[in-house]
Amino acid sequence: MIRSATPADVPAIHQLIRELAAYEKSLDEVEATEEQLRQALFGPEPKVFAHMAENDDGEVVGFAMWFLSFSTWTGTHGLYLEDIFVRPQHRGGGHGKALMTELARICIERGYGRFEWSVLDWNEPTINFYKSIGAIPCDEWIRYRLSGDALERFGKS
């Protein structure tokens, strides 16, 4: 079952983010607190959204967190999937596909022109899943990031 996240899900979302980071060998990089997530998802003007995957017993087994993007070329919003994670012991049960399907449904329903995300180049099982649903890599684009000290220096130059 896929549903929109509620404020009561914040502790589970925080834990799932930590589990995802551990899977990606980056747990030491997680700085987000439950309060930051609560404000981002459920504050006065939310800019990020989340959906939860539950098993038949109502246990949260995964999540997807996303936000809106915008294409100047199409003149429409898009949905950018920041994170998707299903606990390893629950993979293969259709939860990840159901989360992706729900986000694709939202795109169609709201007239969003794109549904995009990034994946680590070593994550072959996930890459194969994305290919199986018809997603294609955007090899002609290189993603860049400005953060930390470099962001501070550049922003003050």
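**Helix 1 and helix 2.** I began with how helix 1 and helix 2 lie relative to each other in this predicted model, and found the two roughly perpendicular, because angles of 65 to 115 degrees count as such and the axes of helix 1 (residues 10-23) and helix 2 (residues 34-42) cross at roughly 115°. I noted that these axes come within 9 Å, and that helix 1 passes helix 2 in a right-handed crossing.

I then looked up which residues make the contact, and I listed Val10, Pro11, Ile13, His14 and Ile17 on the side of helix 1, with Glu34, Leu37, Arg38, Leu41 and Phe42 on the side of helix 2.

**Annotations.** I checked the UniProt record, an unreviewed entry, which gives "coiled-coil region" for residues 13-40; in the model I find that span to be 64% helix and 0% strand, with its end C-alpha atoms 12 Å apart. The record, again as an unreviewed entry, also carries "domain: N-acetyltransferase" over residues 1-156, and for that span I read 36% helix and 23% strand, with 47 Å between the end C-alpha atoms.

**Aromatic pairs.** I counted six aromatic pairs, taking ring centres within 6.5 Å as the criterion. One of them is formed by Tyr23 and Trp122, which I recorded as tilted, at 5.9 Å centre to centre and with 50° between the planes. I also noted that this pair links distant parts of the chain, since Tyr23 belongs to helix 1 and Trp122 to the loop between strand 5 (114-117) and helix 4 (124-132), 99 residues apart.

Note on methods
Residues numbered from 1 in each chain as written. Predicted model: local features only at pLDDT ≥ 70, side-chain atom pairs only at ≥ 80, totals over all residues. Heavy atoms only, no water. Axes fitted to C-alpha atoms, helices over the stretch in contact; angles between N-to-C directions. Helix = DSSP H or I, 4+ residues; strand = E, 2+ residues; numbered from the N terminus. Parallel < 35°, antiparallel > 145°, perpendicular 65-115°, else oblique. Left-handed = near helix turned anticlockwise from the far one by under 90°. Contact = heavy atoms within 4.5 Å. UniProt positions renumbered as here; feature names shortened; annotations may be inferred. Phe/Tyr/Trp six-rings, centres within 6.5 Å; stacked < 30°, edge-to-face > 60°.
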